[in-house]
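Hi,

Here's the structure I promised to pass on. Have a look at it first, and then read my notes below.

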Amino acid sequence: MRHTAYEGFAARPAESVFGNGAQAHTGGAGGRAAADRVMVGQSPAMLRTFELIRRFAPVDAPVLITGETGTGKELAARAIHDRSNACDGRFVAINCAALPASLIASELFGYEKGAFTGAAARRVGLIEMADGGSLFLDEIGDLPLELQGHLLRFLQEGQIFRLGGREPVSVRTRVIAATHVDLHRAIEDGRFREDLFYRLNVLQIEMPPLRARDGDIELLAMVVLRSAVRELGLAIDGFSPEALAALRRHGWPGNVRELVSTVRRAAVMASGRLIEAADLALPAPRETARQRVATGPHGAIDREAVLAALARCGQNRARAARELGIARVTLYRVLQRAATTDPNRETIDED
Ligand SMILES: Nc1ncnc2c1ncn2[C@@H]1O[C@H](COP(=O)(O)OP(=O)(O)OP(=O)(O)O)[C@@H](O)[C@H]1O
């Protein structure tokens, strides 16, 4: 069923919204918190994702969720938890990239009184807190190597030792991990343990980038607008045809997160009853990085655009590829070919 929500605040078809039963876990919180936990999508790519979530949720095995930033990996993890046998337990999330290595060990495993200077009392770690529920390990690719060993042991044995502890503590928790980095490459580079990868990668979900979700941009935009209108008390009915065209044209390197903030900002900026293209403040079509990069008749890639993006992103190839809206492998190919091609050539043909 095609969706026409953008013509007004029409009801959404059942299959386009993947509610997470959030109320049960937010103490009945309504409004934005609950709305934030509804997964929206009607594209074939997202319907496939919903199907995987439904299939994997009741299976008591680790799930690895991959995908670009802002594609909804955490939302998918919550959806799995909410449909799993562990749904009555807690959903405990830890971002492995956000904590210094020295803190991650005590955060994850907890500690006993006197385990180190300052450990005045026993502290239960996040793994233990997730006992009977789900443990969401976000940005697992950034977990320091030595902790990967500890985590692997926990996954194999179902037991942890608190720091400074002698007695093992048994923990049963559903493990869901997510990453936006290519773990195969991290394994090749010696940054990620292969044995841990195979342990985590029993069931895999790859979140599609927003640009590959046919029809979802309009649907999401309308759902986000409706929630902003309700929450902020605005009087806006929808998007002008030009605004919809601009939404469809944009490459969305920040995926759904970028779309959410773009639409919410535009809703505040709009002066009429419709959001106009200018309210969205998206780069003009010719200025988008993706447009800049594809210059030739057969999708020729501009080496200069790639180098400029790399410079902007501190030589981080993954981020540069995201900013350009191209696959990382394409970016590598461009760089490789640039190295073997006449440096004065302006463009390098892609396959
Ligand atoms: N399918 C969707 N429907 C509705 N909202 C979504 C959807 N996917 C993502 N979002 C919203 O987009 C934002 C980013 O989602 P989320 O944090 O789950 O992404 P992520 O892939 O885990 O990001 P990161 O890799 O940066 O941690 C959140 O506000 C989330 O509610």
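This is a predicted model: local features need pLDDT of at least 70, side-chain atom pairs count only at pLDDT 80 or more; totals for chains, interfaces and linings use all residues.

Let's start with helix 2 (residues 44–56) and helix 3 (residues 73–82). Their axes are 8 Å apart, and the two pack at an angle of about 40 degrees. That makes helix 2 oblique to helix 3, since angles under 35 degrees would count as roughly parallel and 65 to 115 as roughly perpendicular. The crossing of helix 2 past helix 3 is right-handed. Which residues make the contact? On helix 2 they are T49, I53 and F56, and on helix 3 they are A76, A79 and I80. Sorted by class, that contact of helix 2 with helix 3 has five nonpolar residues, one polar and no charged ones.

Helix 3 turns up again at the ligand. Helix 3, strand 2 (39–40) and helix 11 (255–269) each supply at least two residues of the shell around it. There are 18 residues around the ligand, and V40, G72, K73, E74 and V256 come nearest.

Next, look at helix 9 (residues 216–232) and helix 10 (residues 241–249), which pack at an angle of about 120 degrees with their axes 9 Å apart. That makes helix 9 oblique to helix 10. Their crossing is right-handed. I217, E218 and A221 of helix 9 meet L244, L247 and R248 of helix 10, and by class this contact has four nonpolar, no polar and two charged residues.

Last stop: helix 14 (residues 303–312) and helix 15 (residues 317–324). Their axes come within 8 Å and cross at roughly 120 degrees, and helix 14 and helix 15 are therefore oblique to each other. Helix 14 passes helix 15 in a right-handed crossing. The contact uses A305, V306, A309, L310 and R312 from helix 14, together with R317, A320, E323 and L324 from helix 15. By class, the contact of helix 14 with helix 15 has six nonpolar, no polar and three charged residues.

Happy browsing!

Notes:
Residues are numbered from 1 along each chain as its sequence is written. Axes are lines fitted to C-alpha atoms, for helices over the stretch in contact, and angles run from 0 to 180 degrees between N-to-C directions. Helices (H or I, at least four residues) and strands (E, at least two) are DSSP runs, numbered from the N terminus. Angles under 35 degrees count as roughly parallel, over 145 as roughly antiparallel, 65 to 115 as roughly perpendicular and the rest as oblique. A crossing is left-handed if the near helix is turned anticlockwise from the far one by less than a right angle, and right-handed if clockwise. Two residues are in contact if their C-beta atoms, placed from the backbone, lie within 7 Å. Ala, Val, Leu, Ile, Met, Phe, Trp, Tyr, Cys and Pro count as nonpolar, Asp, Glu, Lys and Arg as charged, and the others, Gly among them, as polar. A residue is near a molecule or strand if its C-beta atom, placed from the backbone, lies within 6 Å of it.
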